[in-house]
Amino acid sequence: MTESITTCCSTKASVRQKYDAIARDQLDSGYCMVDYKPQQGYHAQADLGLGCGTPVDHADLTSGEIVLDLGSGAGLDAMIASPLVGEKGMVYGLDIAQSMVDRAKSNALEVGVNNVFFQEGDIEQLPFEDSSIDVVISNCTLNLVPDKLAAYSEIRRVLRLGGRFIISDVVIEGDPDPTLLREAEEIAGCVAGASRKNAYLQLISSVGFTDIEIVRSHRLKVINDHDGLESLTIRAYRRLS
């Protein structure tokens, strides 16, 4: 497992409980880390302010591709991906909270997309066949997963040979004051599950991904400039052999 700062938010039960409450509008999503630009597929009702990047913008999706959105929440990124893969493609959304899945299904129905399918599931044990997915996307979710090695191993397993992932996530850069991290955790929520940046990138490489590239990065100013929190959008590929 990658080095991370551990709190209760690194447990699956607490993550499920928190995002269940957000899905039911019983809890505010907290610190908003990214603003989406208006685009086809954007649905304001699905934007709960939970992302830290815009992975679909860097995914280069094409018609007919099969996409898997990990931690799909209320369905925003999946619905943005939907028109890009078209009627011949498919987007699967996976979330740990059934209430989020239900909300995403409702949002998709309201928008009228028919190539998106949402289901509950565990990122550490993906309910998909080997080599069945062209592209994996995720937005500020892997930092919540306790066993990131298992998660990235599962991503590799379900990707076809030559398939790619584009993942936005929060990492820790440098050696920030633990007090600032705790304060940022209280505001932004579950950033304490974030890994150190170098360890995070090394883990991705160790699983067997190639052409690892940081396509976008920006510092997150939750408390101040010394929080040590950074949002990365990373692209990498499964080897052809």
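# Legends to close-up views

View 1. Lys-148 has its place in helix 4, where helices (H or I, at least four residues) and strands (E, at least two) are DSSP runs numbered from the N terminus. The model is predicted, so that local features need pLDDT of at least 70 and side-chain atom pairs count only at pLDDT 80 or more, while totals for chains, interfaces and linings use all residues. Residues are numbered from 1 along each chain as its sequence is written, and side-chain values use heavy atoms, with hydrogens and water left out. With a relative accessible area of 3%, Lys-148 is buried (buried means under 20% relative accessible area, exposed over 50% and partly exposed in between, for a 1.4 Å probe and protein chains only).

**View 2. The packing of helix 4 against helix 6.** Two packed helices are described by the angle between their axes and the distance between the axes. Helix 4 (residues 148-158) and helix 6 (residues 197-207) have axes 9 Å apart and pack at an angle of about 45 degrees, the axes being lines fitted to C-alpha atoms over the stretch in contact, with angles running from 0 to 180 degrees between N-to-C directions. Helix 4 and helix 6 are therefore oblique to each other (angles under 35 degrees count as roughly parallel, over 145 as roughly antiparallel, 65 to 115 as roughly perpendicular and the rest as oblique). The crossing in which helix 4 passes helix 6 is right-handed; a crossing is right-handed if the near helix is turned clockwise from the far one by less than a right angle, and left-handed if anticlockwise. On the side of helix 4 the contact is made by Lys-148, Leu-149, Tyr-152, Ser-153 and Arg-156, and on the side of helix 6 by Tyr-200, Leu-203, Ile-204, Ser-206 and Val-207, contact meaning heavy atoms within 4.5 Å. Sorted by class, the residues of this contact are 6 nonpolar, 2 polar and 2 charged (Ala, Val, Leu, Ile, Met, Phe, Trp, Tyr, Cys and Pro count as nonpolar, Asp, Glu, Lys and Arg as charged, and the others, Gly among them, as polar).

**View 3. The crossing of helix 1 and helix 3.** The axes of helix 1 (residues 12-23) and helix 3 cross at roughly 35 degrees and come within 7 Å, and helix 1 passes helix 3 in a left-handed crossing. Tyr-19, Asp-20, Ile-22 and Ala-23 of helix 1 meet Ser-99, Met-100 and Arg-103 of helix 3, and by class this contact has 4 nonpolar, 1 polar and 2 charged residues.

**View 4. Helix 2 within the structure.** Helix 2 (residues 76-85) is largely enclosed by the rest of the structure, because 8 of its 10 residues are buried. These buried residues are Leu-76, Asp-77, Ala-78, Met-79, Ile-80, Ala-81, Ser-82 and Val-85, and they pack against strand 1 (66-70), strand 2 (90-95), helix 3 (98-111), strand 3 (116-120) and strand 4 (133-139). After helix 2 comes Gly-86, with a positive phi near 70 degrees.

**View 5. Tyr-36 and the residues it touches.** Tyr-36 lies in the loop between helix 1 and strand 1 and, at 14% relative accessibility, counts as buried. When residues up to four places away in sequence are not counted, Tyr-36 touches Tyr-42, Asp-47, Gly-53, Thr-54, Leu-76, Asp-77, Ile-80 and Asn-139. Between the C-alpha atoms of Tyr-36 and Gly-51, residues that are 15 apart along the chain, the separation is 9.3 Å.

**View 6. The cysteine pair Cys-52 and Cys-140.** The structure holds 0 disulfides, a disulfide being a pair of cysteine sulfur atoms within 2.5 Å. The cysteine sulfur closest to that of Cys-52 belongs to Cys-140, and at 3.5 Å it is too far for a bond. Cys-52 counts as buried at 0% relative accessibility, and Cys-140 is buried with a relative accessible area of 9%.

**View 7. Two aspartates with positive phi.** Most residues other than glycine have a negative phi. Asp-25, in the loop between helix 1 and strand 1, has a positive phi of about 60 degrees although it is not a glycine, and at 59% relative accessibility Asp-25 counts as exposed. Asp-211, found in strand 7 (residues 209-220), has a positive phi of about 50 degrees and counts as exposed at 59% relative accessibility.
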